[in-house]
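Please keep the structure open while reading.

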Amino acid sequence: MIFDELIDRRNTGAAKWEVAPGPVNLEQCVIPLSVADMEFRSPECIRDVLTDLAQEGIWGYTIPRPEYYEALNRWLLARHDFTIEKEWVIPTTGVVQAVYAAVRAFTEKGDNILIQSPVYYPFYRAIELNERTLLTNELTIKNGRYEIDFEDLEQKLSVSKMFILCSPHNPVSRVWDLDDLEKIAEIAAKHDVFVFSDEIHCDFTFGNKHTVFSLVARKHNARHLVAFSASKTFSLAGLGVASIIAEDPKIREIYQQRVNTDGVHTHSTFGFAAAEAAYTRCDDWYFNMLDYVYNNFKTLKSFVAEQMPQVKLFELEGTYLAWMDFRQLGADHHSLEQLMIENCLYLDEGYIFGEGGQGFERINLACPNKVIIKALGRLKAVYDTLQLRQHKVENPDLRAES
Ligand SMILES: Cc1ncc(COP(=O)(O)O)c(C=O)c1O
């Protein structure tokens, strides 16, 4: 199985591995299951296209070819029942850049911008570095699943200029229901709030149906943009390619102008060639990869159930990132992080996604199954230490004995 291959990414500039010294020998080196990129090689058809392009030797200024738009449309229609027109697409070199540009295009300094915490941390930076005011709608856990507190959402949207939606939601792995999205669109339209819907993880759903925000926004006349990228789905994050969809011509004009002003309008030759191939020629790889990732989740799930019953693992609905709640074990987030490091395991610490993430861990499942299995051994060591500490706190006599 191609996804079983352990690939040495040390000293390649791979952000995740730069923090992981030591040989690619799972006994000795740090296991990084943090940054949201894959340990899988991109599909062969993409590698062939890029190899040919590399041989060509001329990589001048690039704009997407007409075939790119057709490919994107093919993919969105097949996967998400969503059709686009070529004119709607504003290509950028990344979704994060696109969020920043949207913040500057549709809000002024000091305006309130709402996000749902815990959430992908660059959203905080997009707001704060641009001197806007951050508001958060804390996601709440009900019956073991994250839900939206709509009363709070409406109250905050009524005083906001913009809402950055993460759909599916990183890190809590929720695929928002049609009903959730309908309500968001309705409330946003009512209060004339601009919605930026970041759908970079939309190709990773495991049973739940992802709905492109435009499909509900249209009904309610909610001003919005939607962001897609082949980067997560096909291991292309370093190639700098994303597509922002703006159906409304006025919004498109304002946004394109902002993208130009920000100087993020130049494109990656390799990125668009790779994405075009991804959207047209890699379906088999994609479905196999989804199965593989979900199998990794099953490995994690049964291990947690059997060996770490005090950890609450959330269902993997969307994204390839599983979210775990360690709070029952009583450790503060600094000691939890410290213990992970001591056990040579780098996960993304929940607190980086906001206060509501304290005591949680995010684990990246886009890696060989044997890596997950090895990581679980280390996670168990962390768990056992935490349990022992908790036991000692509850039984002070034991502390004196040790
Ligand atoms: C929700 C979300 N948006 C955007 C990104 C990054 O997008 P890009 O690499 O296109 O800037 C990530 C990466 O983890 C993400 O999780």
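The largest cavity holds about 60 Å³ of space. A cavity here is a set of points, on a 1 Å grid over the protein atoms alone, where a 1.4 Å probe fits but cannot get out; grid points are joined across faces, edges and corners, and a volume is the space filled by probe spheres set on the points. The count of cavities of 30 Å³ or more is 1.

This is a predicted model, in which local features need pLDDT of at least 70 and side-chain atom pairs count only at pLDDT 80 or more, while totals for chains, interfaces and linings use all residues. Residues are numbered from 1 along each chain as its sequence is written, and side-chain values use heavy atoms, with hydrogens and water left out.

The lining of the largest cavity (residues with an atom within 4 Å of a point) includes Leu-6, Trp-17, Glu-39 and Cys-367. Strand S1, residues 31-33, supplies the largest share, 3 residues; strands (E, at least two residues) and helices (H or I, at least four) are DSSP runs numbered from the N terminus. By class, this lining has 9 nonpolar, no polar and 1 charged residues. Ala, Val, Leu, Ile, Met, Phe, Trp, Tyr, Cys and Pro count as nonpolar, Asp, Glu, Lys and Arg as charged, and the others, Gly among them, as polar.

The largest pocket has a volume of about 530 Å³. A pocket is an open set of points with protein on both sides within 12 Å along at least five of seven lines. Its lining comprises 29 residues, and the closest to the pocket centre are Val-96, Tyr-120, Ile-200, Lys-232 and Ala-237. Helix H4 (95-106) and helix H9 (231-234) are the elements that give two or more residues to this lining, and H4 gives the most, with 3 residues.

The ligand takes the space of the largest pocket, by the rule that more than half of its atoms lie within 2 Å of the grid points.

A polar side-chain atom of Asp-198 lies 2.5 Å from a nitrogen atom of the ligand. A backbone N or O atom of Val-95 is 2.7 Å from a ligand oxygen atom, and a side-chain N or O atom of His-201 lies 2.7 Å from an oxygen atom of the ligand.

Methods:
Polar contact = N/O pair within 3.5 Å; in protein donor to acceptor, adjacent residues only side chain to side chain.
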